[in-house]
Amino acid sequence: MGNVHVLDHPLIQHKLTHIRDKNTGTKEFRELVDEVAMLMAFEITRNLPLQETTIDTPVMEAKAKILAGKKIGLIPILRAGLGMVDGVLKLIPAAKVGHVGLYRDPETLKPVEYYIKLPSDIEERELIVIDPMLATGGSANDAIASLKKRGAKNIRLMCLIAAPEGVEVIKEAHPDVDIYLAAMDEKLDDHAYIVPGLGDAGDRLFGTK
Ligand code: URA
């Protein structure tokens, strides 16, 4: 059963406060998101499976642990997800990185996948889907469904901030997916922005409007 983990480490919370502040400019915003992503990666990977190997230390042969299985896959959802990739890669530099781009057709309201490129063998990898703002949950829901359709089995979802509405959508549709957040906010406003949130994560990361 998937769980919601709010990572309330003081360093994460301190940095998140500056990320939320509208007076934080693009350069600092990017740097802070990068730092928070790295700190979150430490917690998100806490229960990764290990396997035993044998090595030679300078003193003797020894049994030791290494991460089991294939390299982890990071799957940022375009575009804001890109802002958290480098931070995670600082801790897991050998991770593979796939990309998913989606939008919702305004008429049919069905998800349209305009881009997807994934690491090979996703069914054998631990995957971390990255979506900084879990608002309605629509994109994350669709991206996770798309990964599962292609065989993915072990998926964690990493977000900076979530609204309760988005969390419920993922819990309902993907009860097997653990959700990791830096903060759970109050609600969505009428434009599906998270309140109090941080505004548009993509625009703040890339300096667009
Ligand atoms: N996406 C964002 O970037 N911000 C929100 O508040 C909601 C969705």
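This is a predicted model: local features need pLDDT of at least 70, side-chain atom pairs count only at pLDDT 80 or more; totals for chains, interfaces and linings use all residues.
**Stop 1: the annotated site.** Start by selecting Ile-194, Gly-199, Asp-200 and Ala-201, which an unreviewed UniProt entry annotates as "binding site". Now show the largest pocket: its lining takes in Ile-194, Gly-199, Asp-200 and Ala-201 from this set.

**Stop 2: Ile-194.** Keep Ile-194 selected and look along strand E13, residues 194-195, where it sits. Is Ile-194 buried or exposed? Ile-194 counts as buried because its relative accessibility is 6%, below the 20% cut-off. Leaving aside residues up to four places away in sequence, you can pick out its contacts, among them Met-133, Leu-134 and Ala-135, then Ile-161, Ala-162 and Ala-163, and also Asp-185.

**Stop 3: Asp-200.** Next, move to Asp-200, in the loop between E13 and helix H6 (201-206). With a relative accessibility of 29%, Asp-200 counts as partly exposed. Which residues does Asp-200 touch, not counting those up to four places away in sequence? They are Arg-79 and Tyr-193. Then follow the side chain of Asp-200 to the backbone nitrogen of Gly-202, which it reaches at 3.0 Å.

**Stop 4: Met-40.** Finally, select helix H2, residues 26-44, and find Met-40 in it. Met-40 is buried, at a relative accessible area of 0%. Setting aside residues up to four places away in sequence, Met-40 touches residues including Leu-7, Ile-12, Met-84, Met-158 and Tyr-180. To end, draw a distance from the C-alpha atom of Met-40 to that of Val-177: the two residues are 137 apart along the chain, and these atoms are separated by 16 Å.

How values were computed: Residues are numbered from 1 along each chain as its sequence is written. Side-chain values use heavy atoms; hydrogens and water are left out. UniProt positions are given in the numbering used here, feature names are shortened, and annotations may be inferred rather than shown by experiment. On a 1 Å grid over the protein atoms alone, a cavity is a set of points where a 1.4 Å probe fits but cannot get out, and a pocket is an open set with protein on both sides within 12 Å along at least five of seven lines; lining residues have an atom within 4 Å of a point. Helices (H or I, at least four residues) and strands (E, at least two) are DSSP runs, numbered from the N terminus. Buried means under 20% relative accessible area, exposed over 50%, partly exposed in between (1.4 Å probe, protein chains only). Contact means heavy atoms within 4.5 Å. A polar contact is a pair of N or O atoms within 3.5 Å; within protein, one must be able to donate a hydrogen and the other to accept it, and residues adjacent in sequence count only if both atoms are side-chain atoms.
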